[in-house]
Amino acid sequence: NIHGGPKTVYGQVYYHEMQYWANKGYVVMFANPRGSDGKGSDFADIRGKYGTIDYDDLMDFTDAVIAQFDGIDQDNLYVTGGSYGGFMTNWMVGQTDRFKAAVTQRSISNWLSFYGTSDIGYYFAADQTAGHPLEDLDKLYEQSPIKYARNIKTPLLIVHADKDHRCPIEQAQQLYAVLKTQGVETEMLWVKDENHELSRGGKPQARIKRLSRITEWFDRH
């Protein structure tokens, strides 16, 4: 379960999704890879490196957990995350077929179309990719999960709210369309009248629907 940000951090607080999944018998893994806060500026700075050192950290972490704890079914691994965690979910399924199924939430799939459309500010995409869409088109595209979408074979559920102004819903639509046209098993949960805070501050009905659909997707696969 990959956190957002990326410059945020998992701490020792109550995460209801993790407790819910653990209660259903899942082993829940979560980490603070490079890009996360709490270990200094150098550790947190992955500008221009999205999908490289952070991806390596998450995959190495997965291997470490499996090696340390008995009873984890390596043939039934799943991945999910929201915002930056959604970006990384998109990225990971474009790089590896290791996961049985995945759920991407409020994600970024294309830095080029994301530029200038988010309420975080027009500067964010250029700052995080260390490039400008007019001057460094290839650089932004190289760091965009959409570039690698033709590699995706993992069943992918896409969860997005239509009033998400942080990561606009067109980011989800692009990825969904590509996967549908190439015959990948995919579904999109389009949540009406909710925003980027769906999982934390959404209406109870919407939050229940979100968690139920994510869990059902994992259970189905």
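How much space lies in the second largest pocket? I looked it up in this predicted model. The answer is about 480 Å³.

**Entry: second largest pocket**

I listed the lining next. It has 24 residues, and Val27, Val28, Met29, Leu77 and Tyr78 lie nearest the centre. I then asked which elements give two or more residues to this lining; they are α3 and β1. By class I found 17 nonpolar residues, 6 polar and 1 charged.

**Entry: helix α3**

Since α3 turned up there, I checked the helix itself. Helix α3 runs over residues 53-68, 16 residues in total. From first C-alpha to last, α3 reaches 22 Å, close to the 22 Å expected at 1.5 Å a residue. I noted its buried residues: Asp54, Tyr55, Asp57, Leu58, Met59, Thr62, Val65 and Ile66. What do they pack against? The buried residues of α3 pack against α4. I kept a rule beside this list: an α-helix has 3.6 residues a turn, so residues three or four places apart point the same way.

**Entry: Ser83**

I moved on to the loop between β1 (78-82) and α4 (84-95), where Ser83 lies. Is Ser83 buried or exposed? Ser83 counts as buried because its relative accessibility is 12%, and the cut-off for buried is under 20%. Leaving out residues up to four places away in sequence, I found Ser83 touching Gly4, Gln105, Arg106, Ser107, Ile108, Cys167 and His196.

**Entry: largest pocket**

I read off a volume of about 610 Å³ for the largest pocket. Its lining has 34 residues, and those closest to the centre are His3, Gly4, Gly82, Arg106 and Arg200. Two or more residues each come from α1 (16-23), β1, α4, α5 (111-114) and α9 (198-201). Of these, α1 gives the most, with 3 residues. I sorted the lining by class and got 16 nonpolar, 12 polar and 6 charged residues. Gly4 and Arg106 are among the residues closest to the centre here, and Ser83 touches both Gly4 and Arg106.

**Entry: cavity**

How many cavities of 30 Å³ or more are there? I counted 1. About 60 Å³ of space lies in the largest cavity. I wrote down its lining: Gln105, Arg106, Val159, His160, Ala161, Asp164, Asn195, His196, Leu198 and Arg210. Strand β3 (residues 156-161) gives the most to this lining, with 3 residues. The classes come to 3 nonpolar, 4 polar and 3 charged.

Terms used
Residues numbered from 1 in each chain as written. Predicted model: local features only at pLDDT ≥ 70, side-chain atom pairs only at ≥ 80, totals over all residues. Heavy atoms only, no water. Helix = DSSP H or I, 4+ residues; strand = E, 2+ residues; numbered from the N terminus. Buried < 20%, exposed > 50% of the residue type's maximum accessible area, 1.4 Å probe, protein only. Contact = heavy atoms within 4.5 Å. Expected span 1.5 Å × (residues − 1). 1 Å grid on protein atoms, 1.4 Å probe; cavity = no way out; pocket = protein on both sides within 12 Å on 5 of 7 lines; lining within 4 Å. Points joined across faces, edges and corners; volume = space filled by probe spheres on them. Nonpolar A, V, L, I, M, F, W, Y, C, P; charged D, E, K, R; others polar.
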